[in-house]
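Dear colleague,

I am handing over the structure below, and my notes on it follow. Please read them beside the coordinates.

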Amino acid sequence: MFAEAVRVAAPGGRLVIADRFWPEGRSRPAVIRAASWILGHFATRFDHRLSGIRAGAPSLKTEDYRRVAPGAFFHLVTLRKPDSRKPG
């Protein structure tokens, strides 16, 4: 889905993701993966890594990454699609 959003975005356009991401360097114990899988059927998974989502669009540049309320639990990530119309 993310790769399709990137495909249809205008050159130089922004994509914003608001979600909860699991830390890149931290392992995901089996109990966390199982709980996330179950919860994913009713609400949202909480063990995705941003790198896994970005794998569908490696050319995007991170413009902003911040944790937001409540309690800095969610992450707000702004990515920009390269503008192929501009040289260099």
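Buried means under 20% relative accessible area, exposed over 50%, and partly exposed in between, with a 1.4 Å probe and protein chains only. His75 has 5% relative accessibility and therefore counts as buried.

This is a predicted model, in which local features need pLDDT of at least 70 and side-chain atom pairs count only at pLDDT 80 or more, while totals for chains, interfaces and linings use all residues. Residues are numbered from 1 along each chain as its sequence is written, and side-chain values use heavy atoms, with hydrogens and water left out.

His75 lies in strand E3, where strands are DSSP runs of E with at least two residues, numbered from the N terminus. The side chain of His75 makes a polar contact of 3.3 Å with that of Arg20; such a contact is a pair of N or O atoms within 3.5 Å, and within protein one must be able to donate a hydrogen and the other to accept it, residues adjacent in sequence counting only if both atoms are side-chain atoms. Leaving aside residues up to four places away in sequence, His75 touches, among others, Ile17, Phe21 and Tyr65, contact being heavy atoms within 4.5 Å.

The open sheet has three strands in the order E1-E3-E2, with antiparallel pairing, and two strands pair if DSSP finds at least two bridges between them. Its edge strands, E1 (14-19) and E2 (61-68), each pair on one side only. Six bridges join E1 to E3 (residues 74-80); Val16 has Thr78 as its bridge partner, and Ala18 stands opposite Leu76.

Best regards

Key. Helices (H or I, at least four residues) and strands (E, at least two) are DSSP runs, numbered from the N terminus.
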